[in-house]
Amino acid sequence: NILVASKTTVPQTGKQIIERERLNAILLQSTAKLIVVQAPAGYGKTTFLSSWFQQLETAVAWYTVDQTDNDLNRYWKYLIHAIGHSLQPEAASRINSILHAQPQLPLEFLVDSLLYELSLSTKKIHIMIDDYHHIHNIAIHQAMTRLIDFLPENCFIYLTSRSTISLPIAKWRLNHCLLEIGLEQLLFTYEETKEFYKNLNKKLDVKVLQKVFEITEGWPTGLQLTNLAGFHNVDKEFRESNLYVFQYLMSEVFSKLAPPLQIFLLYTSLLEQLTADTCNVLTNRTDAHLVLLELDQQGLFISRVEAKEQVFRYHNLFREALRQELSNRFTQQDIIFLYEKAAVALYNNGNFLSAIELALSGNVFMYAEQWIQEHLVTFLSCGHSTSYVKWIDTFLSNGYEVHPELMVMY
């Protein structure tokens with residue numbers, strides 16, 4: 001019978017929060033009764049919506065879900081308690097009596113009763129369910145589907161999730177009753193990044209600001225963690241901020257995954273672009289295509305580079321965190337072997353440039369030199385002279401003795 005008050009309270013946002021006017025405009029113009037905000041951890045889903053609700057002058061029912069809420073009674077007890085504040089006391093009491101009725105009444109009767117009480121309200125009611133990705137109970141999904149299908153015109157439901165929601169999203173999308181806000185929209189623009197640091201009374205040099213924006217890719221938490229490192233020394237700042245990012249991603253994302261998926265992420269973090277064929281070779285699997293799709297559905301800091309070819313990439317900071325964890329878990333010799341394996345796989349797939357770049361970054365110089373020699377004429381005739389000079393510079397800076405023919409061309 002104990003209810004945690006903070007689970008049904010709208011979180012307060014700080015004074016230095018950036019008003020997401022661009023996103024607020026999307027909500028203002030929408031007539032959808034279901035709003036789904038889906039993105040990985042740290043993209044500001046909760047902050048954005050809590051800030052939005054604090055601007056409204058209508059009733060808001062907030063419910064923050066956690067892993068213990070997969071119990072049917074517990075879930076609806078919290079949701080009804082949250083909505084109860086938006087209804088008349090006697091209405092909330094009637095619904096609660098149905099929830100605790102003995103013998104237990106059908107769930108559909110509870111949902112229909114809730115819908116009836118909501119329809120009697122003369123004011124708009126915004127129902128917010130945060131972190132819905134914790135819900136895996138099919139019975140809860142079914143009841144939520146019924147609630148959304150027959151939601152009165154005065155009610156709106158907001159769902160946030162780190163991964164794809166197990167609800168009939170496609171149907172609601174076709175019915176034009178759904179608004180989706182995803183990763184790309186939640187990313188800070190350059191101007192919002194500039195405003196973020198302005199609010200913190202931090203004056204950044206244009207070059208530094210551009211560097212921060214490129215590395216974080218507008219990831220809100222990435223900006224926060226970078227800010228924690230300070231700006232007295234740019235190189236020092238990014239080393240420290242990467243440490244903060246590493247700790248955050250390892251604890252909030254990586255550690256919660258199954259061990260086989262962790263290994264997949266670590267091995268493939270060597271790649272700038274992810275294709276099923278290369279990932280299969282690198283991880284000794286045959287189902288990399290399905291794994292990449294699963295990562296995409298779970299919102300694990302992965303995005304599509306080419307939709308048709310299904311080429312993916314990891315977020316810059318996520319990839320760097322994975323590489324750091326790779327170096328912590330494996331010996332240098334093991335990592336060089338992985339680089340060699342990945343580079344050969346890329347080369348065999350015809351990605352000669354990518355294969356050479358990867359071989360050089362992993363100190364697999366013998367393969368890189370061999371491939372450069374084989375395709376030297378093609379590279380130079382196709383305008384890759386700048387890349388060629390950079391490759392030779394990499395050899396020389398690492399003390400590798402370059403073939404005389406390559407040196408002459410250099």
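## A charge over a ring

Lys 7 sits over the face of Tyr 78, 4.9 Å from the centre of the ring. The model is a predicted one.

## Helix 21

Helix 21 runs over residues 385-397 and has 13 residues. From its first C-alpha to its last it reaches 18 Å, close to the 18 Å expected at 1.5 Å a residue. Its buried residues are Tyr 388, Trp 391, Ile 392 and Phe 395. These lie on the same side of helix 21 because they cover an arc of only 95° around the axis. Thr 386 and Ser 397, on the other side of helix 21, are exposed.

The cover over the buried residues of helix 21 includes helix 18 (352-361), helix 19 (365-374), helix 20 (376-381) and helix 22 (404-409). Gly 399 follows helix 21 and has a positive phi, near 75°.

## Aromatic pairs

The structure holds 22 aromatic pairs. One of them joins Trp 219 and Tyr 248; this pair is tilted, with 6.0 Å centre to centre and 55° between the planes. Trp 219 is in the loop between helix 10 (206-216) and helix 11 (220-228), and Tyr 248 is in helix 12 (residues 234-252), so the pair ties together parts 29 residues apart in sequence. Trp 219 counts as buried, at 0% relative accessibility.

The pair of Phe 365 and Tyr 400 is also tilted, because the ring centres are 5.5 Å apart and the planes are at 45°. Phe 365 belongs to helix 19 and Tyr 400 to the loop between helix 21 and helix 22, so this pair ties together parts 35 residues apart in sequence. Phe 365 counts as buried at 10% relative accessibility, whereas Tyr 400 counts as partly exposed at 23%.

## Aromatic cluster

Trp 219 and Tyr 248 belong to one aromatic cluster with Tyr 43, Phe 301, Tyr 314 and Phe 318.

Note on methods:
Residues numbered from 1 in each chain as written. Predicted model: local features only at pLDDT ≥ 70, side-chain atom pairs only at ≥ 80, totals over all residues. Heavy atoms only, no water. Helix = DSSP H or I, 4+ residues; strand = E, 2+ residues; numbered from the N terminus. Expected span 1.5 Å × (residues − 1). Buried < 20%, exposed > 50% of the residue type's maximum accessible area, 1.4 Å probe, protein only. Arc of directions from axis to C-beta. Contact = heavy atoms within 4.5 Å. Phe/Tyr/Trp six-rings, centres within 6.5 Å; stacked < 30°, edge-to-face > 60°. Lys NZ or Arg CZ within 6 Å of the ring centre and 35° of its normal.
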